[in-house]
Amino acid sequence: LPLPVITRREPILFASVPGDQHAVGVEMAAELCRQKGWDVRLLVGASHERILQEIDVVACVVLGLSSGGRATANALARLVHAVRVAHPTLYIIVSGQIVSEDPDLVALLYPDSAVTSVEEALAAMEARTVSSCN
């Protein structure tokens with residue numbers, strides 16, 4: 001792929017949920033979003049604390065969390081709760097196998113969006129950044 005040209009000023013952070021061993025999807029999503037001009041930071045294999053620290057450092061407007069399934073549901077729930085407490089206005093997108101595998105559980109976490117494709121994630125990010133500018 002050609003080197004991306006960042007045209008969006010809003011930084012976003014994509015991260016795999018702590019303990020998740022499935023990172024290919026989130027890595028591909030990050031690269032596709034970069035190709036669309038987004039300033040994407042990516043954390044794979046990071047701890048709960050490291051993800052929270054990176055949110056502070058990056059000052060991101062969107063957090064995309066990828067969960068490979070029920071095995072990381074507790075870590076996902078813990079992380080979403082911690083982010084809501086520390087950064088209540090941060091837009092949270094949940095993606096990955098858990099969205100299709102256990103949509104009721106994901107709904108209980110109250111993410112701002114739950115997506116099953118990069119296209120859905122891009123649309124959610126676009127809607128979020130447009131509404132925050134108005």
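Modeller: Buried means under 20% relative accessible area, exposed over 50%, and partly exposed in between (1.4 Å probe, protein chains only). Helices (H or I, at least four residues) and strands (E, at least two) are DSSP runs, numbered from the N terminus. This is a predicted model: local features need pLDDT of at least 70, side-chain atom pairs count only at pLDDT 80 or more, and totals for chains, interfaces and linings use all residues. Residues are numbered from 1 along each chain as its sequence is written, and side-chain values use heavy atoms, with hydrogens and water left out.

Colleague: Which exposed residues sit on the face of helix 2 turned away from its buried side?

Modeller: Helix 2 spans residues 48–58, and its buried residues are H48, I51, E54, I55 and V58. They cover an arc of only 125° around the axis, taken from the directions from the helix axis to the C-beta atoms, so they lie on the same side of helix 2. An α-helix has 3.6 residues a turn, so residues three or four places apart point the same way. The face turned away from the buried side carries D56 and V57.

Colleague: What do the buried residues of helix 2 pack against?

Modeller: Contact here means heavy atoms within 4.5 Å. The partners are strand 1 (11–16), strand 2 (39–43), strand 3 (62–66) and helix 3 (73–86).

Colleague: What is the relative accessible area of Y110?

Modeller: Y110 is not a glycine, yet has a positive phi of about 55°. Y110 is found in the loop between helix 5 (103–108) and strand 5 (113–114). Y110 is exposed, with a relative accessible area of 62%.
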